[in-house]
Amino acid sequence: MAPRKIIIDTDPGQDDAVAILMALASPDELEVLGITAVAGNVPLPLTQKNARIVLELAGRTDIPVFAGCDAPMKRPLVTAEHVHGKTGLDGPSLPDPTMPLQDKHGVDFIIETLRSEPPGTVTLCPLGPLTNIATAFATAPDIVDRVQQIVLMGGAYFEVGNITPAAEFNIYVDPEAAAIVFESGIDIVVLPLDVTHKALVTGPRNIAFRALGTPAGEAVAAMTDFFERFDKEKYGSDGAPLHDPCVTAYLLKPELFSGRHINVEIETVSELTLGMTVADWWGITDRAKNATFIGDLDADGFFALLTERLGRL
Ligand code: BDR
Ligand code: CA
């Protein structure tokens with residue numbers, strides 16, 4: 001079977017970087033048409049640069065990187081240096097990229113790609129705030145029906161929030177964009193904190209990355225070494241949660257995950273709960289189901305897959 005065509009929309013971020021590396025290591029299943037950077041964990045000049053650093057680490061300078069939106073649709077940008085460090089990719093020591101940034105805007109790339117590829121053949125994989133995706137839909141509503149699926153990291157139900165008591169970072173940063181995406185009618189799969197907080201890089205899992213003995217394995221171990229300190233301190237968890245790689249793993253092996261097809265609405269008004277993903281997990285309302293909301297994963301299976309794929313780079 002031909003590999004599935006994807007666009008990775010991202011704000012790297014150590015966990016974004018691991019998600020990208022995992023996709024690049026899986027060319028039989030996934031064809032990465034391009035990477036669109038968005039402002040999120042750190043400002044856009046850093047996220048687009050980090051995307052290129054990651055591609056160079058993987059030796060995949062043939063994949064184009066586009067800079068997208070530098071701020072949310074209606075709000076000032078909120079960043080997460082307290083989690084990801086000043087560069088967004090703190091931890092490993094990686095060279096500045098030499099591959100070029102494309103001239104085209106990331107939103108235009110998304111629009112043009114969806115218009116030029118056959119309908120229903122391109123999957124969008126957002127790993128950051130949904131600004132680029134929603135801006136593309138608002139600018140070119142004709143592309144919405146052409147999207148095969150959206151598989152995104154964002155939101156939470158049982159875990160509630162990580163940037164406020166009520167909201168997960170990616171949705172909180174641009175709730176208006178998230179609302180557009182969740183109301184789009186597209187087949188959406190959501191990898192929320194409920195599942196990503198179970199994908200923890202424990203000590204032995206980190207050792208397994210390093211033991212690959214490759215630049216990618218070493219870099220991922222150094223990234224997760226850095227990235228774990230926030231969650232260990234805050235949640236007392238066993239290691240860094242690999243949020244965004246859950247998206248790639250879902251594309252490769254959906255059988256590792258389980259969830260429910262439910263209604264998910266985005267809070268865009270309340271100051272107290274802004275960006276909350278109000279997930280009708282228990283089917284309390286009769287609001288239309290609009291997303292497959294993942295709740296659990298086979299963590300050992302996930303790390304076996306990830307480590308095996310990283311070993312291919
Ligand atoms: C999400 O926010 C970012 O900090 C991570 O890269 C991930 O996409 C987790 O809430
Ligand atoms: Ca991210």
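User: What covers the buried residues of helix α7?

Analyst: The cover includes α5 (131–139), β5, α6, β6, β10 (264–266) and β12. Helices (H or I, at least four residues) and strands (E, at least two) are DSSP runs, numbered from the N terminus.

This is a predicted model, where local features need pLDDT of at least 70, side-chain atom pairs count only at pLDDT 80 or more, and totals for chains, interfaces and linings use all residues. Residues are numbered from 1 along each chain as its sequence is written, chains are lettered from A and ligands numbered from 1 in the order in which they are written, and side-chain values use heavy atoms, without hydrogens and water.

User: Why is α7 called mostly covered?

Analyst: Buried means under 20% relative accessible area, exposed over 50%, partly exposed in between (1.4 Å probe, protein chains only). In α7 (residues 175–182), seven of eight residues are buried. They are Pro-175, Glu-176, Ala-177, Ala-178, Ala-179, Val-181 and Phe-182.

User: Which way do the residues of strand β6 point, and are they buried or exposed?

Analyst: Ile-188 and Val-190 point one way. Val-189 and Leu-191 point the other way. All four residues of β6 (188–191) are buried.

User: What makes β5 and β6 a pair?

Analyst: Two strands pair if DSSP finds at least two bridges between them. Four bridges join β5 (residues 147–153) to β6, and the strands run parallel. Val-151 stands opposite Val-189.

User: How many bridges link β6 to β12?

Analyst: Two, in the parallel sense. Val-190 has Phe-293 of β12 as its bridge partner. On the β4 side, β4 (residues 122–126) and β5 pair in parallel over three bridges. There Val-122 stands opposite Val-147.

User: What is the strand order of the open sheet, and which strands are its edges?

Analyst: The eight strands run β3-β2-β1-β4-β5-β6-β12-β9, with mixed pairing. β3 (65–67) and β9 (257–262) are the edge strands, since each pairs on one side only. Neighbouring strands are turned by 25° against each other on average, direction ignored.

User: Why are α9 and α12 called roughly parallel?

Analyst: Axes are lines fitted to C-alpha atoms, for helices over the stretch in contact, and angles run from 0 to 180 degrees between N-to-C directions. Helix α9 (residues 203–210) and helix α12 (residues 299–310) pack at about 15°, with axes 10 Å apart. Angles under 35 degrees count as roughly parallel, over 145 as roughly antiparallel, 65 to 115 as roughly perpendicular and the rest as oblique. The two helices are therefore roughly parallel. Arg-205, Ala-208 and Phe-209 of α9 make the contact, with partners in α12 including Phe-303 and Leu-306.

User: What makes a residue a donor of the calcium ion (ligand 2)?

Analyst: Donors are N, O and S atoms within 2.8 Å of the metal (3.2 Å for Na, K and Ca); water is not among the atoms, so sites may look incomplete. Here the protein donors lie 2.2 to 2.6 Å away: Asp-11 (OD), Asp-16 (OD), Asp-16 (OD), Leu-127 (O) and Asp-244 (OD). Asp-16 in α1 (residues 14–24) and Asp-244, in the loop between β8 (240–241) and α11 (245–252), are 228 residues apart. Both are buried.

User: Where is Tyr-172, and what is in contact with it?

Analyst: Tyr-172 sits in helix α6 (residues 169–173). Leaving aside neighbours within four places in sequence, its contacts are Val-78, Ile-163, Thr-164, Ala-167, Leu-274 and Gly-275.

Technical notes:
Contact = heavy atoms within 4.5 Å.
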